[in-house]
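Hi everyone, thanks for making time this morning. Have a look at the sequence and the structure on the screen, and then I'll walk you through them.

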Amino acid sequence: MAIIMKRILCFTAAVLIAVSVLFAGCSPAYDKSPDQFTKIRWSAPDYSFIINPSDGCKGTYKFNDTKYNIKAEFDGSHIIVQDTDKNKELFFGEWMYDDEDRLYVYNLSFNTDDYKDLKSNFAEFVTLNREPLK
């Protein structure tokens, strides 16, 4: 009987640990998401990707010779970028802060069904710097 109780306790402990690790990965680790900032913009060093949280997270995304007007939506650790002109999803990914002034957007997945030119976009991540607006 004692062996069965030990096995049940070990199994219960393993399940509790697995569940806590799973939920720890889903909870945001930050006090503020990128869309909650004011008087700043997030921009790539080459200005190919810009998000302005003070303007409803609207901005631009440039690839090759095409400039897209976008709106970014942050949901937990996910980001969805919509093309506001065509009202279609341009790409999605995940985000985290690289440091206090940098936003790291990674695991990018582009909508190549609706945007054929993005088939040659092999970017997997982009780092956006926090820039103060005047």
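Let me begin with a definition: rings of Phe, Tyr and Trp (for Trp, its six-membered ring) pair if their centres lie within 6.5 Å, and planes under 30 degrees apart count as stacked, over 60 as edge-to-face and the rest as tilted. With that rule, F49, Y61, Y68, F91, F110 and Y115 form one aromatic cluster.

A word on where this comes from. This is a predicted model, in which local features need pLDDT of at least 70, side-chain atom pairs count only at pLDDT 80 or more, and totals for chains, interfaces and linings use all residues. Residues are numbered from 1 along each chain as its sequence is written, and side-chain values use heavy atoms, with hydrogens and water left out.

Now the fold. What do the strands build? They make a closed barrel of 8 strands, in the order 1-2-3-4-5-6-7-8, with antiparallel pairing. On average, neighbouring strands of this sheet are turned by 30° against each other, direction ignored. The axes behind that angle are lines fitted to C-alpha atoms, for helices over the stretch in contact, and angles run from 0 to 180 degrees between N-to-C directions. Strands here are DSSP runs of E with at least two residues, helices are runs of H or I with at least four, and both are numbered from the N terminus. Two strands pair if DSSP finds at least two bridges between them.

Let's walk along some of those pairings. Strand 2 (residues 49–52) and strand 3 (residues 58–63) run antiparallel and are joined by 4 bridges; I51 has G59 in strand 3 as its bridge partner. Strand 5 (residues 78–83) is joined to strand 6 by 6 bridges, again antiparallel, and V81 stands opposite F91. These two strands form a hairpin with 4 residues between them, and N87 in the turn has a positive phi of about 55°. Strand 6 then goes on to strand 7 (residues 102–110) with 7 antiparallel bridges, in a hairpin with 2 residues between the strands. Here W95 stands opposite V105.

Back to the aromatic rings. How many aromatic pairs are there by this rule? The count is 14. One of them is W42 with Y97, a tilted pair at 6.2 Å centre to centre and 35° between the planes. W42 lies in strand 1 (residues 40–43) and Y97 in strand 6 (residues 88–99), so the pair ties together parts 55 residues apart in sequence. Are these two buried or exposed? W42 is buried, at 0% relative accessible area, and Y97 is buried too, at 13%. Buried means under 20% relative accessible area, exposed over 50%, and partly exposed in between (1.4 Å probe, protein chains only).

A second pair is F74 with W95, edge-to-face at 6.1 Å centre to centre and 85° between the planes. F74 sits in strand 4 (residues 66–75) and W95 in strand 6, 21 residues apart, so this pair also links distant parts of the chain. F74 counts as buried at 13% relative accessibility, and W95 is buried at 5%.

One last stop, T60 in strand 3. T60 is buried, with a relative accessible area of 14%. Leaving aside neighbours within four places in sequence, T60 is in contact (heavy atoms within 4.5 Å) with S48, F49, I50, K67, Y68, N69 and I70.
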